[in-house]
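Welcome to this guided tour! Please open your viewer and get ready to select a few things along the way.

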Protein chains: 2
Amino acid sequence: MARHAGVSVATVSRVLNDIPVVRPQVRDRVHAAIGELGYRPSSAARSLSLGRSQAIGVVAPFFTTSSVVERLRGVADRAAEHGYDLMLFAVETPEQRAGAFRDFARLDRVDGLLVISLPLMDDEAAALRRDHLPVVMVDTAHAPLPQVVIDDMGGGALAAEHLLEKGHRRIGFVGDLPANAFGFRSSEERRRGFCAALERAGIPPAPSLERLGRHGREEARALAAGLLAGDDRPTAVFAASDTQAVGVLQAAADLGLTVPGDVAVIGFDDIETAALVGLTTVRQPLRQSGACGTDLLLALIKGEAGPAVELDPLAVVQRRTT
Amino acid sequence: MARHAGVSVATVSRVLNDIPVVRPQVRDRVHAAIGELGYRPSSAARSLSLGRSQAIGVVAPFFTTSSVVERLRGVADRAAEHGYDLMLFAVETPEQRAGAFRDFARLDRVDGLLVISLPLMDDEAAALRRDHLPVVMVDTAHAPLPQVVIDDMGGGALAAEHLLEKGHRRIGFVGDLPANAFGFRSSEERRRGFCAALERAGIPPAPSLERLGRHGREEARALAAGLLAGDDRPTAVFAASDTQAVGVLQAAADLGLTVPGDVAVIGFDDIETAALVGLTTVRQPLRQSGACGTDLLLALIKGEAGPAVELDPLAVVQRRTT
DNA sequence: CTCCAGGGTGTAACCGGTTTCAGAACGTGC
DNA sequence: GCACGTTCTGAAACCGGTTACACCCTGGAG
């Protein structure tokens, strides 16, 4: 390549990196040679020499929830904008989860890591620190790592208050088990915020109206079927996620209950499906959280202090199920 | 690292790659040193030396359609299974699309490329060939590149036949413009298969019942609003994708039409949302197509002849909208 | 005319692995 | 005791970029 243009490799490198010392005439000759040979620089060599890869990694339970996909869009968007490539480490099962972190060899090919919706074990965090890999947590936290999170308890309270305003007093809850395989915590937080708001309104906790199970639409449908079957069923249900809320809606339909007449339903997240089925929900800025986390990570990689995290506030989006 | 274990770098390399000639005692010493130092091999150096990166790239309109996400899951699944990392090149806008392919520099960091739902320009294909990069097309085609596609025309015919069986004779169509920014072709193929089936049943083409526009739920909603507004509206509508079918459903609801009473609706793809809203649709194996394309690509990378492409057949999934 | 400044380019070391090939260490057969 | 074969290990070249540094060349000042 360099020979073909009649210059040295150093000059080629300078041309490729737009270092202005090169004479225009030489620059053109190099560009011509690049075109003729269809030459592509090796990013592997570049990474090795520079010590950085110009790529960021994302560890996420890509398969589990659609909210993650939405966050991911925010990430992809921003990463592309800043010229970073994106490496996706999908964590499908809890076993894979262990693998993804244990096998840190794979993580050395990224300049930074974004962890989405997945809690970190202490030893994993320690390993990341030791490798000096910049990390940002999105929708999850592990002090003292930088994070982009929402106020899940506050969101739970919003849901409760919305239902209280509508006159409901007997409100059920469908969510994840506090101890689930992935270690998701949001559901439990939302439940606590929800309960706290009810108590503030003078309504005592009613564990009999709570149904916890594995995450998923079908699981939620089964849980809700039990919750809504009896005569003493609640007049409204708060589901810890839109996915689960849709399961609740299906259960209601299965039982011939009208929504919101017989039972009102509110979800959490505002994924795209929520708009489709007319689900009232607590909106959280999914895409923005990904974008925001990416900004933070890129700043960290550059060694700058991260920009302040500024997310749109949570808000109830009223549709047709309440 | 090598010094710390009292051996040479060659030996460390042999231990890392499980080359059995190393004496067990030495192997243990190296492993011990690795543990003590928290040493991680540099994948950049490895890639450079080996000439491969152990990663595959995916170019896809990640932002546009949810069917792409589903295919992507199939890809991520298989890639992880085979120890390959995944690089995601999201193509959000037609402009980015040009960039993604033009800037092939970025593609040199993968051992192979999966192109999902995105037609290739001739010059792009030529560039890929010149770089000797193995490529597999999924849900799109560019002879003579290997591809994983479904029979869109056949699928369109299935949809038509289903509606004919239900007694419909006046059937509308909502789909993409044949000349759209991304170059998607499926919609047009499905329309042609659909029309052909109608003609076979003795029903002449009715361009007045066809509405074409940009892809998207809201766009489809607007198109369907026009289609369903008049007195001479069709008794059924075939939408070229589930996303658009949902838009049609919304338009029907907007107009106070019952489904399937006043108007039946059938979509195409069987994305997750279809099950949620009870949409009758032509199921295509989305996830499987991703997995299948990945298998093909990995075989190509290894230099083997690809396994035969064997996808589940298309089939109408009847739900509540027909 | 000589000297110096400074812009433009080439040489070579370096990044951290893999791999070839030579050679050390040890055991065996005669 | 020596030649030889095996088994294991190390030295060094190589992958393809980046970059510090040396050097050449030109123009302007003295």
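Let's begin at the DNA. Select DNA strand C and the protein surface near it: by class, this surface has 14 nonpolar, seven polar and three charged residues. As for the classes, Ala, Val, Leu, Ile, Met, Phe, Trp, Tyr, Cys and Pro count as nonpolar, Asp, Glu, Lys and Arg as charged, and the others, Gly among them, as polar.

Before you go on, note that this is a predicted model, in which local features need pLDDT of at least 70, side-chain atom pairs count only at pLDDT 80 or more, and totals for chains, interfaces and linings use all residues. Residues are numbered from 1 along each chain as its sequence is written, while chains are lettered from A and ligands numbered from 1 in the order in which they are written.

Next, show both protein chains. Chain A superposes on chain B by a rotation of 180° with 0.0 Å of shift along the axis (RMSD 0.1 Å), by least squares on the C-alpha atoms of residues with pLDDT of at least 70 in both. That is the relation of a two-fold axis. To find the axis, select A:M87, whose C-alpha comes closest to it among the residues of chain A, at 2.2 Å.

Now look between the chains, where 35 residues of chain A are in contact with 35 of chain B; contact requires C-beta atoms, placed from the backbone, within 7 Å. On the chain A side, α4, α5 (66–81), β2 (85–90) and α12 (272–277) each supply at least two residues.

Zoom in on β2 of both chains: β2(A) and β2(B) run antiparallel, joined by three bridges. Strands count as paired if DSSP finds at least two bridges between them. Select A:L86 to see its bridge partner, B:L88.

Finish in chain B, with the open, mixed sheet of six strands, ordered β7-β6-β8-β9-β10-β11. Its edge strands are β7 (210–213) and β11 (315–317). Click B:T281, and you will find B:V317 of β11(B) opposite.

Methods: Contact = placed C-beta atoms within 7 Å. Helix = DSSP H or I, 4+ residues; strand = E, 2+ residues; numbered from the N terminus.
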